[in-house]
Amino acid sequence: MCSKNSNFKDKKNLEPHKTQDFKFKTSGECFEDAKSYYKTVTIYYEEAHQWYRKRKLSQSRYSKSLKFFSVWLGVIGGLAPFLISSTPPEDASCCIPSWLSFMRHPEHFGYVLLALSGSMILFDKMFGFSTNWMRCIEAMRSLEATAAKYEQQWILKQLDVACMQSITPPPDEPALFHLCEELFTVATDYKQAILECLGKETQAWLAEFRSNLARMEESKPSK
């Protein structure tokens, strides 16, 4: 549903939707203003959708990489005692520095790999790569459902405009302005629905961030 004509660039954050000035002198100008406003809302949707799509790809890459290496380190760490000789060569043992003393006992190396495996899971949990990935997917689906809903409403209102303009003699200005008001209502409701989707995802991120901070504080050793 994203157009290639969107002015989306590589942005770390979504920019707020800019307001527009309207004149509302005649019904014809009002119709054009409504179309212009709806177009800017559509572009904002495209930028938001593409921003989440790009972020989803990066978070997915980090999450899958961490899980992949965590699983393999866990497997190798579990098999390490069976794969490594329990008695290292004496000439190799004497060359190992003191800060790598665990390598003088290769049977202990499995514990290091298991610790690294667990630390990757903890790293993913604390920085939320997997949950960010899921939230991006949810935000994209919510935006797509919103776009489909208001695109349908906009098309129906456009049909009402075409029917009204085909009437002979043409309707008076108040009736046309009332139809313009309905077009603006669809566009403003569309914009509000997009902002609600973004706000929902932001609130979920804040809740997770606060939860992770609280968990880090609780894990600190007490003095």
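This is a predicted model: local features need pLDDT of at least 70, side-chain atom pairs count only at pLDDT 80 or more; totals for chains, interfaces and linings use all residues.

Visitor: What is the mean pLDDT of the chain?

Guide: The term pLDDT denotes the predictor's confidence in each residue, from 0 to 100. For this chain the mean is 79, and 74% of the residues reach 70 or more.

Visitor: How many helices and strands does the chain have?

Guide: Helices (H or I, at least four residues) and strands (E, at least two) are DSSP runs, numbered from the N terminus. Here the assignment gives five helices and zero strands, in the order α-α-α-α-α from the N terminus on. Of the contacts between residues at least 6 apart in sequence, 84% join residues at least 24 apart.

Visitor: What share of the residues is buried?

Guide: Buried means under 20% relative accessible area, exposed over 50%, and partly exposed in between, with a 1.4 Å probe and protein chains only. By this criterion, 31% of the 223 residues are buried. An example is S70, which is found in helix α1 and has a relative accessible area of 5%, so it is buried. Leaving aside neighbours within four places in sequence, S70 is in contact with S117, M120 and I121.

Visitor: How many salt bridges are found in the whole structure?

Guide: A salt bridge is a side-chain nitrogen of Lys or Arg within 4 Å of a carboxyl oxygen of Asp or Glu. The search finds five. One of them joins the side chains of K67 and D124, at 2.8 Å from N to O. This pair links distant parts of the chain, with K67 in helix α1 (residues 27-83) and D124 in helix α3 (residues 109-127), 57 residues apart. K67 is partly exposed at 37% relative accessible area, whereas D124 is buried at 7%.

Visitor: Which residues are linked in a network of salt bridges?

Guide: The network consists of R135, E201 and E208. In the salt bridge between R135 and E201, the closest N and O atoms are 3.1 Å apart. That pair connects helix α4 (residues 129-165), which holds R135, with helix α5 (residues 173-219), which holds E201, across 66 residues of sequence. The closest N and O atoms of R135 and E208 are 2.4 Å apart. Because R135 lies in helix α4 and E208 in helix α5, this second pair ties together parts that are 73 residues apart in sequence.

Visitor: How many disulfides does the structure hold?

Guide: A disulfide is a covalent bond between the sulfur atoms of two cysteines. The criterion is a pair of cysteine sulfur atoms within 2.5 Å. The structure holds zero disulfides. C180 is in none, and the nearest cysteine sulfur, that of C30, is 3.2 Å away. C180 counts as buried, with 0% relative accessibility; C136 is also buried, at 1%.

Visitor: Which residues form a nonpolar patch on the surface?

Guide: Patches are made of residues with over 30% relative accessible area and no salt bridge; like charges are joined within 9 Å, and nonpolar side chains (Val, Leu, Ile, Met, Phe, Trp, Tyr) within 5 Å. Accessible areas come from the Shrake-Rupley method with a 1.4 Å probe, and for residues only the protein chains shown count as cover. In this model F68, F69, V71, W72, V75, I76, L79 and F82 form such a patch, with about 840 Å² of accessible area together. F69, found in helix α1, is partly exposed at 45% relative accessibility. The chain exposes about 15000 Å², of which carbon and sulfur atoms supply 61%.

Terms used: Residues are numbered from 1 along each chain as its sequence is written. Side-chain values use heavy atoms; hydrogens and water are left out. Contact means heavy atoms within 4.5 Å.
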